[in-house]
Structure formats: C-alpha cells, structure tokens
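Subject: Structure handover

Hello,

Here is the structure I promised you. Please open it first, then read my notes beside it.

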Amino acid sequence: MTFKALLDESVKIHGHLCPGQVLGVKMSMLGLKSIGIDDPKGKDKKSIIVFVEMDRCATDAVQSVTGCSLGHRTMKFMDYGKMAATFVNLKTGKAVRVIAKEDSRQKAKKYFPEIENKYEAQLEAYKIMPDEDLFDVMEVHVKIKPEDMPGRPLRKVKCDTCGEYVQDAREVYRDGKALCRPCASTGYYAPAGKDIL
Ligand SMILES: [Zn+2]
Ligand SMILES: [Zn+2]
C-alpha cells in the first residue's frame, strides 16, 4: 500500500488528520521495511510485534499500519513518553527502534513558509520530508518472554489478598503468597471511599 492509502486508512480509524498520523504512518513504513516485513496484515501477520513508547496520536497510526494491537498481544505499550517504536520480526529476530527526531519540527518550518498556521505547515511538511530528517533508526535486540507472546495464557493464579485471578505470570510472590500487582504495591484504583496513596 502507498503512503497516501495508509494515511487515509489511519485517519479514518484515528478520527482526524494530524501530524501524529503522518509521523506514525511513516515511522511504521520505515520500521517494517527495516525488518523485512512487507505484508504485516497478511502473510507476515504472525511474524511481527511492535513496542510503542507513547500513547499519543501516532500510536493509532502504528496500529493501523502494522495491524498490531494490544488485544492481539502484538502491540506492547511501554510508558516511556517518547516518540519511538520498535518493530520486531519474530521469524528472523531482527528488530529496529525508530525514533522521531526532535528537530524535525524546526526543519518542517522551512518547507512551507507560506502556510501561516504552524500546525498545518508541520503536517504538510511531514508528508514530504525524507525519512532521514524525521527519524533515527537504531538496530536493537529484544527479548520477548514466553508469557508475553500471543496465544493462550500460560497460567492463571488467584491473588491471596483480593481473590481476583491474574493471568500471564503478572502475579508477584511475597512471603510465600501470590499477589496481584495492585495488592503487592499501589494500584491505580482503590475501592470507593478509600484513599489512593
Ligand atoms: Zn491525532
Ligand atoms: Zn489482589
């Protein structure tokens, strides 16, 4: 598929056209090419896992282009707050981390000086800027644990404190007890009426 077709599709899924869609689509195309994947939603479907380091607009574009998603366990969200994603070819082990360059915003300004709206200018510039101006590519090694792979859960354990079940080896062992993560430390929630520390 062409850049234009992939961008149209990701805009449809994301709900609007934004610089993040352009960056996310280009980032994914570059990442997939670098690991030798040309049909991520077809014949290569089972050969790819993506780690995204941001939960921003571009993340939706990465999902749309690669077909990888949290629900399929083929997209892993690493909460780093960075505009970067790593594309892993499970068949060959090849992995590249694609990082959006911070200075691409400055460079974008030069492309369409006649467009007054900064956001518009950035959007249009990102569409035509060469990959070298937008991204750094880093070859990396990624170890994916068996419990993080797609497929059936390897095990399910009952939390000794709250009684809820924990899949995929996410339990924590303490003093011989199996605990879910919120019971082992602080969770993002507390039962209504209790304070969250
Ligand atoms: Zn957006
Ligand atoms: Zn628990």
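Start at the zinc ion (ligand 1). Its four donor atoms subtend angles of 90 to 134°, which makes the arrangement tetrahedral. To count as tetrahedral, four donors need all their angles between 85 and 135 degrees. Please keep in mind that this is a predicted model.

Which residues supply the donors of the zinc ion (ligand 1)? They are His14 (NE2), His16 (NE2), Cys18 (SG) and Cys57 (SG). Along the chain, the donors follow the spacing H-x1-H-x1-C-x38-C. Are His14 and Cys18 buried or exposed? Both are buried.

The second site

Now go to the zinc ion (ligand 2). Four cysteines coordinate this ion through their SG atoms: Cys159, Cys162, Cys180 and Cys183. The distances run from 2.3 to 2.4 Å. Here the four donor atoms subtend angles of 99 to 115°, so the arrangement is tetrahedral. The spacing in sequence is C-x2-C-x17-C-x2-C. Cys159 and Cys183 link distant parts of the chain, 24 residues apart. Cys159 sits in the loop between strand 6 (156–158) and strand 7 (165–167). Cys183 belongs to helix 7 (residues 181–184).

How do those two compare for exposure? Cys159 has a relative accessible area of 3%, so it is buried. Cys183 has 30%, so it is partly exposed. The cut-off for buried is under 20% relative accessible area, and exposed means over 50%.

The whole chain

Step back for a moment. The protein chain has 197 residues, and 40% of them count as buried. The chain holds seven helices and nine strands. Its C-alpha trace spans about 65 × 45 × 30 Å along the principal axes.

Strands of a sheet pair through backbone hydrogen bonds, either parallel or antiparallel.

Look closely at strand 3 (residues 84–89). It pairs with strand 1 (residues 48–52) in the antiparallel sense, over five bridges. One example to find on screen: Val52 has Ala85 in strand 3 as its bridge partner. Strand 3 is also joined to strand 4 (residues 95–100) by five bridges, and these two run antiparallel. There, Ala84 has Ile99 in strand 4 as its bridge partner. Strand 3 and strand 4 form a hairpin, with five residues between them. Gly93 is in the turn and has a positive phi of about 85°.

Rings and side chains

How many aromatic pairs does a search of the whole structure find? It finds one. Tyr188 and Tyr189 form this pair, and the geometry is edge-to-face. Their rings are 4.9 Å apart, centre to centre, with 75° between the planes. Tyr188 is exposed, because its relative accessible area is 74%. Tyr189 is at 38%, so it counts as partly exposed.

Then look at Phe3. Lys26 lies over the face of its ring, 5.5 Å from the ring centre.

One last stop is Lys109, which is found in helix 4 (residues 104–111). Its relative accessible area is 46%, so Lys109 is partly exposed. Lys109 and Ala125 are 16 residues apart along the chain. Their C-alpha atoms are separated by 7.6 Å.

That is the tour. Send me your questions once you have looked through it.

Best wishes

Key:
Residues are numbered from 1 along each chain as its sequence is written. Chains are lettered from A and ligands numbered from 1 in the order in which they are written. This is a predicted model: local features need pLDDT of at least 70, side-chain atom pairs count only at pLDDT 80 or more; totals for chains, interfaces and linings use all residues. Side-chain values use heavy atoms; hydrogens and water are left out. Donors are N, O and S atoms within 2.8 Å of the metal (3.2 Å for Na, K and Ca); water is not among the atoms, so sites may look incomplete. Four donors count as tetrahedral if all angles lie between 85 and 135 degrees; four count as square planar and six as octahedral if opposite donors are over 155 degrees apart and all others between 65 and 115; anything else is irregular. Helices (H or I, at least four residues) and strands (E, at least two) are DSSP runs, numbered from the N terminus. Buried means under 20% relative accessible area, exposed over 50%, partly exposed in between (1.4 Å probe, protein chains only). Rings of Phe, Tyr and Trp (its six-membered ring) pair if their centres lie within 6.5 Å; planes under 30 degrees apart count as stacked, over 60 as edge-to-face and the rest as tilted. A charge sits over a ring if NZ of Lys or CZ of Arg is within 6 Å of the ring centre and within 35 degrees of the ring normal. Two strands pair if DSSP finds at least two bridges between them.
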